[in-house]
Every structure is written in structure tokens, then in C-alpha cells.
Amino acid sequence: MSRKSGIGHEALLKRKAEEKLESYRRKIHMKKEVEERAAEQFRMRLKNKQDEMKLEGDLRRSQRACQQLDTQKNIQVPREAWYWLRLEEETEEEEEEEKEQDEDEYKSEDLSVLEKLQILTSYLREEHLYCIWCGTAYEDKEDLSSNCPGPTSADHD
């Protein structure tokens, strides 16, 4: 039993099959693009997280160095409370005094980790001629400027 159809019927079936195939290809392509975009966003979030952790590590190293260098110069109180690592065993009384002092100055919570790092590395360079990335205390400003690549981590890469 043969099917009878009009002259253009086969061409119509062929065109419909091609359209279905093209639609399928477009869906696959779009799905692939979405997956690639999601993977790229994931990589960016991961990189941002790693960069943030590196900044926090650099800030802690700067705070430790600052406390050590300040102490060697008989500086008993940091210029700003956050210049030194906070000791966990601080008494509540000391914390209250700090809160009162902090009210006069700009709040350290208002600063990002990057801003704190920039301020603190600048202080270390000016007051102690010290660069945390070189790990070196220089003889004088001339020694610092001629032997240290610069004031940022990127300058040392």
C-alpha cells in the first residue's frame, strides 16, 4: 500500500526535518554557551576569593611586622588600633577604651582589606623603611626606592 502525496510533500518533510535539526543545534549551542558562562563565573569567583585571601594574608603579615617594628622602636600603642593584630585575650576594659578612642578617628570597619593594606604598607615604608614583600628593612629612603620594586604585591611579581 503506497502513500499518495502531492508533489511538494517530500520537500516539505525535508524542510521540516532540517528546521528541527537546526533548532536542536541552536539549543545545544545555547546550552553550551550557558555552561561556559557559568564555568567562567565560577573561575572568576574562585580567583576573587583567592585574591581576597591573599590580601588578608598580606594584611596580617603587615600587622605582625608593624607590631614587631613599632615595639622595637618602643612604640607601645599602634597609630591606629588595626595596625597591629588584635590579641584575643584583650580585656573588655581595654576594648572599651579602644572603642572610645576609635570614635574620634575614622572607623577601621569603613576600610576594605585592600585599603588597610595600602595604608599599613605605606606606614611601614615611611616609618620603618620596611617592605613586607621584600621582607627587608632598608637603610634609608634612597636604599628603599632603589632596591624595592614598589609599594604593592604586583610590583614584586
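Guide: Y24 has its place in helix α1, which covers residues 9-72; helices (H or I, at least four residues) are DSSP runs numbered from the N terminus. This is a predicted model, in which local features need pLDDT of at least 70, side-chain atom pairs count only at pLDDT 80 or more, and totals for chains, interfaces and linings use all residues. Residues are numbered from 1 along each chain as its sequence is written, and side-chain values use heavy atoms, with hydrogens and water left out.

Visitor: Is Y24 buried or exposed?

Guide: Y24 is exposed, because its relative accessible area is 53%. Buried means under 20%, exposed over 50%, and partly exposed in between, with a 1.4 Å probe and protein chains only.

Visitor: What patch does Y24 form with L21 and I28?

Guide: The three residues form a nonpolar patch on the surface, with about 300 Å² of accessible area together. Patch residues have over 30% relative accessible area and no salt bridge, and nonpolar side chains (Val, Leu, Ile, Met, Phe, Trp, Tyr) are joined within 5 Å. Accessible areas come from the Shrake-Rupley method with a 1.4 Å probe.

Visitor: Now the charges. How many salt bridges does the structure hold?

Guide: The structure holds seven, a salt bridge being a side-chain nitrogen of Lys or Arg within 4 Å of a carboxyl oxygen of Asp or Glu. One of them joins R15 to E19, with the closest N and O atoms 3.4 Å apart.

Visitor: How are R15 and E19 separated in helix α1?

Guide: R15 and E19 are four residues apart, so about one helical turn separates them.

Visitor: And R43, which residue is its salt bridge partner?

Guide: The partner of R43 is E40, with the closest N and O atoms 2.9 Å apart. Both residues lie in helix α1, three residues apart, about one turn of the helix.

Visitor: Are W82 and Y83 buried or exposed?

Guide: Both are buried. Ring pairs link W82 and Y83 with Y123 into a cluster.

Notes: Phe/Tyr/Trp six-rings, centres within 6.5 Å; stacked < 30°, edge-to-face > 60°. Patch = residues over 30% accessible without salt bridge, like charges linked within 9 Å, V, L, I, M, F, W, Y side chains within 5 Å. Helix = DSSP H or I, 4+ residues; strand = E, 2+ residues; numbered from the N terminus.
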